[in-house]
Amino acid sequence: MRNLTLLSLLALGTMAAGAQEKLMRIHYTNGDTEVKKVADVSKITFENQGESPVDPTDQKIVDLGLSVAWATYNVGATAPEEYGGFYAYGEIEPKENYSEDTYKWMYWDYNDWDCDEWEKFMKLGADISGTCYDVAHMKWGEQWRMPSQKEWMELINNCSWTWTSVNGVAGAMGTSKVNGNTIFLPAAGNMVGSEQTHDGTTCFFWSSNEATTTDITADVRNFRANFTATTRDCGENSVDYPDVGFSIRAVYGPKAPEVGPDMNVPSESEMVDLGLSVKWAPYNLGANSQGTDGSFICWGELVEKYYSHTYNYKFLEIPESEWQHKWPEPKVSQIVDQISNTDEYDAAKFLWGDGWRIPTKAEMQELVDRCTWKWTGTGYTVTGPNGNSIFLKTSGFMTYKGLPRGTQTDGYYWCGDAEAYFANGNPDSSGASALRINSKEHKVSSWSRAGGIQIRPVHD
């Protein structure tokens, strides 16, 4: 199969009232750039000259004319009418019993410590498509992955549906309104405990999305697609608990690119010249003043999450040898040694634009060594050699429980350098350089990359 990709720019977000029009900057390999209006772009595809976006001879793929190509059969199957495997959310192997007792991402000591009901299931991330929790990606490789809620809704809304049977197996047949091609979804039902239910009457499929709300203490549930003879849904009310076993129908193609929220970006006149090698932003990334926290972002990630921990870090890997364990030992991918000023990993550049970036460790150390630091009770006023100053607030850090975000007596600010993080006195390669401040110290040390903390951008 030729390695072809589709890149959908669906769901690019809407602009807030009064905000500037959102633009997309294309970076070419020769160093040139080009700016397009996001509103003018419906889809971008990458393909070899003379080839179509989907190989029509590949029997594993059906092109329905949508933003992604769909698999013709379920993961674990070999034909459209076969059920394939049943998978709990975030697990990559089928099993005999689907319950809280057997769910891999159930807190192992949930009954032994004082925790809330919502904490018994581990939150794996807002979107697990293409990650180590994605059975389609782990089993089939390449750009195969679980479809998102939006991709399921795109399929539902852009096909005409009939309830029929294929080789004696009941299910939903979708005919594309775009190009007339068809897809069949067998009514495999689901697995609850060791019992298969709704067999022959309902198709259940996991989407890749957690049913995330701003309430961090809401029950952990995940969006599911379900089809019957009369209904089809993957909407806000189509959710289920993660320990249930559903079918997986894969899609092929890269995920839609991340789109950041509209942010206040300091003007040139607002940049603070402290008399150092770079100019500093007057407030944190995601903030609108020096007294507000701003965004809590993990190292190398581009946008803020509702919560952060090792198991939902974007660059997490789980070695195959670890998957048989109840709680696999995570491993962090070593992306690059320096993320400052990179398009892929520098949140400051991504969210504020070219020129802005995460400071390097050397630039942060220069701030420590050459400036005067005065503790105010909620942070430090940092005065440069020329008398100008900035304020660094103690905002704590993003925890698994979300708000409140850690202790407010400490502050943490990312540097761009990868650096060993010392956990329990032992060096851990999953760390990065960071400035830590409290009433007793202000020093550059290290922090776990999976922890969400502040960014104070710099400008050359």
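Trainee: How many helices and strands are in the protein chain?

Mentor: The chain has 4 helices and 30 strands. Keep in mind that this is a predicted model.

Trainee: And what share of the residues is buried?

Mentor: Of the 460 residues in the protein chain, 52% are buried.

Trainee: What about contacts, how many join residues at least 24 apart?

Mentor: Counting contacts between residues at least 6 apart in sequence, 60% join residues at least 24 apart.

Trainee: Let's go inside. Which residues touch the most other members of the largest nonpolar core?

Mentor: Tyr103, Trp105, Leu124, Tyr133 and Ile248 do, in a core of 42 residues.

Trainee: Which helices or strands supply at least two residues of this core?

Mentor: Helix α1 (135–140) does, and so do strands β6 (69–71) and β13 (203–210). The most comes from α1, which gives 3 residues.

Trainee: Now aromatics. How many aromatic pairs are there?

Mentor: The count is 26 aromatic pairs. One of them is Trp105 with Tyr133, an edge-to-face pair at 5.2 Å centre to centre with 85° between the planes.

Trainee: Where do Trp105 and Tyr133 lie?

Mentor: Trp105 and Tyr133 each lie in the loop between β6 and α1, and they are 28 residues apart in sequence, so the pair ties together those parts.

Trainee: Buried or exposed, that Trp105?

Mentor: Trp105 is buried, with a relative accessible area of 0%.

Trainee: What kind of pair do Trp373 and Tyr380 form?

Mentor: Trp373 and Tyr380 form an edge-to-face pair, 5.5 Å centre to centre and 70° between the planes. Both residues are buried.

Trainee: Which strands hold that stretch of the chain?

Mentor: Strand β22 (residues 372–375) and strand β23 (residues 379–383) run antiparallel and are joined by 4 bridges. Lys374 has Thr381 in β23 as its bridge partner.

Trainee: What sits between the strands in the hairpin?

Mentor: The hairpin of β22 and β23 has 3 residues between the strands, and Gly377 takes a positive phi near 105° there.

Trainee: Which residues form an aromatic cluster?

Mentor: Trp70, Trp152, Trp161, Phe205 and Phe227 form one cluster.

Trainee: And what lies over the face of Trp140?

Mentor: Lys60 does, at 3.8 Å from the ring centre.

Trainee: What does the side chain of Asp243 reach?

Mentor: The Asp243 side chain reaches the backbone nitrogen of Glu100 at 3.5 Å. Leaving out residues up to four places away in sequence, Asp243 touches Ala88, Tyr98, Ser99, Glu100, Tyr103 and Phe121.

Trainee: Asn190, then: buried or exposed?

Mentor: Asn190 is buried, with a relative accessible area of 5%, and lies in strand β11 (residues 190–192).

Trainee: Which side chains make a polar contact with Asn190?

Mentor: The Asn190 side chain is joined to the Thr197 side chain by a polar contact of 2.6 Å. Another polar contact, at 3.3 Å, goes to the side chain of His198.

Trainee: How many residues along the chain separate Asn190 and Gly245?

Mentor: They are 55 residues apart along the chain, with their C-alpha atoms separated by 5.6 Å. Gly245 is also one of the residues that Asn190 touches, including Val244 and Phe246.

Trainee: Last topic. What is the order of the open sheet of 3 strands?

Mentor: The order is β18-β30-β21, with antiparallel pairing. Strands β18 (279–280) and β21 (356–357) are at the edges with a single partner strand each, so one side of each has no neighbour in the sheet.

Trainee: How many bridges join β21 to β30?

Mentor: There are 2 bridges between β21 and β30 (residues 458–459). Across that pairing, Trp356 stands opposite His459 in β30.

Note on methods:
Residues are numbered from 1 along each chain as its sequence is written. This is a predicted model: local features need pLDDT of at least 70, side-chain atom pairs count only at pLDDT 80 or more; totals for chains, interfaces and linings use all residues. Side-chain values use heavy atoms; hydrogens and water are left out. A nonpolar core is a set of buried Ala, Val, Leu, Ile, Met, Phe, Trp, Tyr and Cys residues joined through side-chain atoms within 4.5 Å. Buried means under 20% relative accessible area, exposed over 50%, partly exposed in between (1.4 Å probe, protein chains only). A polar contact is a pair of N or O atoms within 3.5 Å; within protein, one must be able to donate a hydrogen and the other to accept it, and residues adjacent in sequence count only if both atoms are side-chain atoms. Contact means heavy atoms within 4.5 Å. Rings of Phe, Tyr and Trp (its six-membered ring) pair if their centres lie within 6.5 Å; planes under 30 degrees apart count as stacked, over 60 as edge-to-face and the rest as tilted. A charge sits over a ring if NZ of Lys or CZ of Arg is within 6 Å of the ring centre and within 35 degrees of the ring normal. Two strands pair if DSSP finds at least two bridges between them.
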